[in-house]
Amino acid sequence: MTVWIAGFAVLSTRGVSARLRFTEAEQALGVLGWHGFLTLSLLAALYYLLPRVARREWPSSALVSAHLWLSVLGAAVVAVALALLGWQRAAGPEDLAAAAPALAAAAALGFAVLLVGHLAFAGHLALLLLSPGRAGRDE
């Protein structure tokens, strides 16, 4: 969250705002905020609450870890690719033509990694709720 707030503070300064306003750099900050902080915070709450509600433990700690790291990696790749794309767009059309396809592909790859991570969560949630599983502790 600190990076997100610091990014908006830097983006709001006059010189940076004049250069990067209405580019992909703002979207990069949105990805950091929504996927990097808010979504992961809400998912952490679900990882804590759902086993207590279902009275079962999560079936696989490896899937929990995979979801976390795929989400972090995906959000980081998307944010960096969009920030670089925004910087290149601000630099001018001659620089953008060379870098834009590779950076857009990197952002798409990051979103694909995010999707795989969230599908791992959905599958793990289905295993938690639909399988008999082992009983969790009563709290």
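A charge sits over a ring if NZ of Lys or CZ of Arg is within 6 Å of the ring centre and within 35 degrees of the ring normal.

**View 1. Arg52 over the ring of Tyr48.** Here Arg52 lies over the face of Tyr48, 3.9 Å from the ring centre. Keep in mind that this is a predicted model, where local features need pLDDT of at least 70, side-chain atom pairs count only at pLDDT 80 or more, and totals for chains, interfaces and linings use all residues. Numbering starts from 1 along each chain as its sequence is written, and side-chain values use heavy atoms, with hydrogens and water left out.

View 2. Tyr47 sits in helix H3 (residues 24-54) and Phe121 in helix H5 (residues 93-130), so the pair links parts 74 residues apart in sequence. Tyr47 is buried at 15% relative accessible area, and Phe121 is buried too, at 10% (buried is under 20%, with a 1.4 Å probe and protein chains only). Tyr47, Trp58 and Phe121 make up one aromatic cluster.

**View 3. H3 packs against H4.** Helices here are DSSP runs (H or I, at least four residues), numbered from the N terminus. H3 and H4 (residues 61-91) pack at about 165 degrees, axes 7 Å apart, and are therefore roughly antiparallel (over 145 degrees). The contact of H3 with H4 has 16 nonpolar, six polar and two charged residues (nonpolar: Ala, Val, Leu, Ile, Met, Phe, Trp, Tyr, Cys and Pro; charged: Asp, Glu, Lys and Arg; polar: the others, Gly among them).

Methods. Helix = DSSP H or I, 4+ residues; strand = E, 2+ residues; numbered from the N terminus. Buried < 20%, exposed > 50% of the residue type's maximum accessible area, 1.4 Å probe, protein only. Phe/Tyr/Trp six-rings, centres within 6.5 Å; stacked < 30°, edge-to-face > 60°. Axes fitted to C-alpha atoms, helices over the stretch in contact; angles between N-to-C directions. Parallel < 35°, antiparallel > 145°, perpendicular 65-115°, else oblique.
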